[in-house]
Amino acid sequence: MFTHLHTHSHYSLLEGLPSPAELADTAAHYGMPALALTDHRTLTGAVEFSWACKAFGIKPIYGLELDLAGSATPTPLVLLATDLTGWQNLCRLSSALMIQPEAEPLLTPDLLARHTEGLICLSSAMDDLSHAKQLAVLFPSSFYFMLSNPVDSRARDLAEMLHVPLVAAPPVYYLDPDQAALQHTLAAIRLVTSIKKLPADALAPPGSHFLSPAEAASRFKDFPAALDVAEEIAARCRFDLPLGQPHFPIVPVPAGLTAAQFLRQKAEAGAKQLYGGVTPEIQQRLDHELEIIEQRGFETIFLIVEDIIRFAHETGVPTSSRGSAASSLVAHCIGITSPDPIRHNLYFERFLNPARTTPPDIDTDICSRRRDSVIRHVFDTYGADRVAMVGTINRFRPRSALGDVAKAHGLPPERIRELANTLPYGFYARLQENDEDNEPIPPFNELKKANPSLKSIFEQAEALLKLPRHLSVHAGGLVVSPGAMTDLLPVMRSGSKGITITQMDLEAVEALGLVKIDLLGIRGLTVMGDVAETIHSWQRTEYHSTLDVLDNIPTEDAETSDRIERGQTIGCFQIESPGMRATLREIDARSIDDVVAALALFRPGPITGGMKDAFVRRFKGLEPTSYLHPALEPVLKETYGVILYQEQVLRIAHELAGLSMADSDLLRRAMSHFDPGKQMQLLKEKFITSAQAKCSIPPETGEQIWELMAAFSGYGFPKAHAASYAQLAWRSAWCKTHFPAEFMAAVLANWGGYYSQRVYLTEARRMGLAVKPPHINHSKREFSVAYPNGEPVLYVGLDQVRDLTHRTIERICRLRPFHTLEDFLSRVDPRRGEAENLARCGAMEGFGPIPALLERIHGSAWQEDQMPLFGWGNDNDQDYSLEQKTAAQIEILGTGLEAHPLELVAKQIAASGAISTLEAAEKTGERVTVAGMRQTSHHSRTAKGEMMLFLTLEDLEGTLDAVLYPQTYARFRNSLTGSVPLLVTGVMETDPSRGEPMMRVEKISRLS
């Protein structure tokens, strides 16, 4: 039976079309016993290919197509692995090429000569006979010439001349012949050109579809031996990827200690420091956790993360734990996590279940600006050849697919933008309708109807959806291998910084046995770090380091409690969105524990299931707390009889039904997958029976408890995660309360978070802070605080001034102070447009009215280090009006500082009876009116082709998402032109996918 030895999947980026699974499925359909995957330059699809071949019952052959340099034109080689050494050499060759900055690197003969063991080499015909002879020497008994088609006389001649076997190896780039045109489009996208301008050698050869055995026999009927050789080669390739075998990193430990002993030593020392001693309860828990960690061989993971966190803290980089790792007492004692798992009643099995085989995730949030230094520490400490960031596969989405295909077909950019702007994205895409079979409606349906002449473009764009487009860096994943990374998997270069990443995504990396360490850059921690640096610079005697400032923030503070209770938390980590602030107000949150509860409450599960309302009523004392059975009281007392945390599901299964904590966690996981099958029914029966036997719970009550647990588990929030984030949220609220200027400046310097910059500027003004435009004597490059007259003033950063160059910013910061306009012009020597923009936005305040400054700039000529000669002499002392200043700032800075547009129509808003977006967020189900500015808006179409609009409104309190369905949009679309204040009336609802409030709009009017 014929075996394909030269196939390209869609991981031959922008070259091949089929997925590995589609290739394996097609091979199985034709009864082929084996199949090779030989993607161009990369091995990205190898693990996925392995899984697919196993699923379809065929043997996988792992290979690689590379371009050999040396001849007038590069020669394609196909290398196939026969054993583990061969796989490692594939990894090394691919990595050596893909780590280079060139877009299309070539394989040198010298590099190939160092990595031939365990490989079979198939070569295309080549111009240089000496290279062919060299390959024959490098691969004795493993070198073949590929016969791609019967008319390839050059390959036949070389094979005969050198006595090298000929193998039938037609290239595969797509499955069906009619996909050739789509492959041409893909090539045009890859080369950033139009299809009409594609050179012939950029295309897949004619007939590059997946040949059936009959087609192969027909195509190579004159070369039956070449077909037989393909089978012989397939038989020689007996290697399969060693999936599922752990490869934990190696860490240095003190002489005489094992990694397990070293971890115990650190954990017990940390426990003494944190708790003042090791009680029997603490020792028992440490022993329990350490035993499981050692049994599973996970000590090195804990030690590496501990080393990373310790380095970060020693160098002043703020961090915060996330996820279920905070459930571990060992992690807490060695400084990996912040929340106390004993105080919060957290369970180790929620983090590391001994019944599971996969390693635990220890995820850490880290200051985004300072994160690179920590990652560099990992590369330097454990070896650049053993460390890589995890790669991620970016795939075509509707907008990118349409844009790229339309460009390849030669459509002009403005037409492409027009078409792409009709497609939804972000929050708006989640609200799209499905068809009658509840399948998502193809995104290009309406475009096809409206533009029939472009039908082929839309069809090709739809065919590319979800195909890989390029590889990039995972948001935070990093892996450390016990030896050279390329002994296990291939790596590549990513981005302008030249970061080393894996060629495979996280799922494939973990399948090959490496453990991901997540270091996720978080802007909220950057804000906290900036504030702490400022405080430390003022109070060095009180605080030993920057992080000492954050660690010493009190956990009880009346003013901070007041701010949280009122929901005045714009800018505060995790508690600034409209829905989150409304939740804080609803439950009168005043403590860190209250914030923990609020973070868990503000989830789709509690909101849509009605548990949030019950919790709020009981929290406020509006209804008594009740339990389905008294046995639930010890478990649910802290949450007023409501299941709020995943850990409570574990406790119920453990304490009511007697399941071990490990089995309880497995039960929780099974519930979270909504599996109604036989296994779940058996678990349910076991739970009800055990609860009756252990706690005398009647079967009907046991079933009610089971249903309550099952309803919650799919959406539950781990308390460990909420506790970690609540601590950081509290600290950010404390900084905002006690160092408001420094906090808001840090938020603005880091470009905010949930809201637009205008919202944060309005918040700063509402707090009584002076907010000024950039100033040539006071502003830094980014947003900053200065005390020119002893009072804090927030200055916009110079980098926000339109068209201001880095050179000019550098000279301003280095040469100031400036005393006159002439002084500034002569010493900084800006371009005229730069000087005009600085004057118009207010950056020369104190040097004269803006019109007079502009006259002097227009009527002058200056040179560096020479005072300008002015021909001015007017008495113009009239300055810009408030409206003129605001308009100039919006134009030059992107936002107005003098006043929010809504402040200019405050009387009309008050007369309308409109409420704020924050108040509206608390009125689910009610009809309300809000005043706001359109921040963003996106059109979409319903299944019937009717136009609708998704809108984000912004007011002085925050933002609110709104949707205008077709009839409403048709009626009020003319009111939405321009950037003017709007009065919007509608009914408040909850977005089920995010839990955030949104308005179903009924009416819109303009304010002027």
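## Where α23 meets α33

E559, T560, S561, R563 and I564 of α23 make contact with W730, A733, W734, K736, T737 and H738 of α33. These contact residues divide into four nonpolar, four polar and three charged. The model is predicted.

Helix α23 covers residues 558-566, and helix α33 covers residues 719-738. Two packed helices are described by the angle between their axes and the distance between the axes. Here the angle is about 105 degrees, and the axes of α23 and α33 lie 9 Å apart. Angles of 65 to 115 degrees count as roughly perpendicular. The two helices, α23 and α33, are therefore roughly perpendicular to each other.

## Aromatic pairs

The whole structure holds 21 aromatic pairs. One of them joins F615 and F619: the ring centres are 5.7 Å apart and the planes meet at 25 degrees, so the pair is stacked. Both residues sit in helix α27 (residues 611-619). F615 and F619 are four residues apart there, so about one helical turn separates them. Their accessibility can be set side by side. F615 is buried, at 1% relative accessible area. F619 is partly exposed, at 21%. The cut-off for buried is under 20%.

F818 and F824 form an edge-to-face pair. Their centres are 5.3 Å apart, with 85 degrees between the planes. F818 is buried, with a relative accessibility of 2%. F824 is buried too, at 0%.

## An aromatic cluster

Which residues form one aromatic cluster? They are F49, Y62, W87 and F239.

## A cis peptide bond

R816 and P817 are joined by a cis peptide bond, with omega of about 15 degrees. P817 lies in the loop between α36 and α37. Helix α36 spans 806-815, and helix α37 spans 821-828.

## Positive phi in two loops

Q574 is not a glycine, yet its phi is positive, about 70 degrees. Where is Q574 found? It is in the loop between α23 and α24 (578-586). With a relative accessible area of 39%, Q574 is partly exposed.

D803 also has a positive phi of about 70 degrees, and D803 is not a glycine either. This residue, D803, is in the loop between β16 (793-795) and α36.

Methods: Residues are numbered from 1 along each chain as its sequence is written. This is a predicted model: local features need pLDDT of at least 70, side-chain atom pairs count only at pLDDT 80 or more; totals for chains, interfaces and linings use all residues. Side-chain values use heavy atoms; hydrogens and water are left out. Axes are lines fitted to C-alpha atoms, for helices over the stretch in contact, and angles run from 0 to 180 degrees between N-to-C directions. Angles under 35 degrees count as roughly parallel, over 145 as roughly antiparallel, 65 to 115 as roughly perpendicular and the rest as oblique. Contact means heavy atoms within 4.5 Å. Ala, Val, Leu, Ile, Met, Phe, Trp, Tyr, Cys and Pro count as nonpolar, Asp, Glu, Lys and Arg as charged, and the others, Gly among them, as polar. Rings of Phe, Tyr and Trp (its six-membered ring) pair if their centres lie within 6.5 Å; planes under 30 degrees apart count as stacked, over 60 as edge-to-face and the rest as tilted. Buried means under 20% relative accessible area, exposed over 50%, partly exposed in between (1.4 Å probe, protein chains only).
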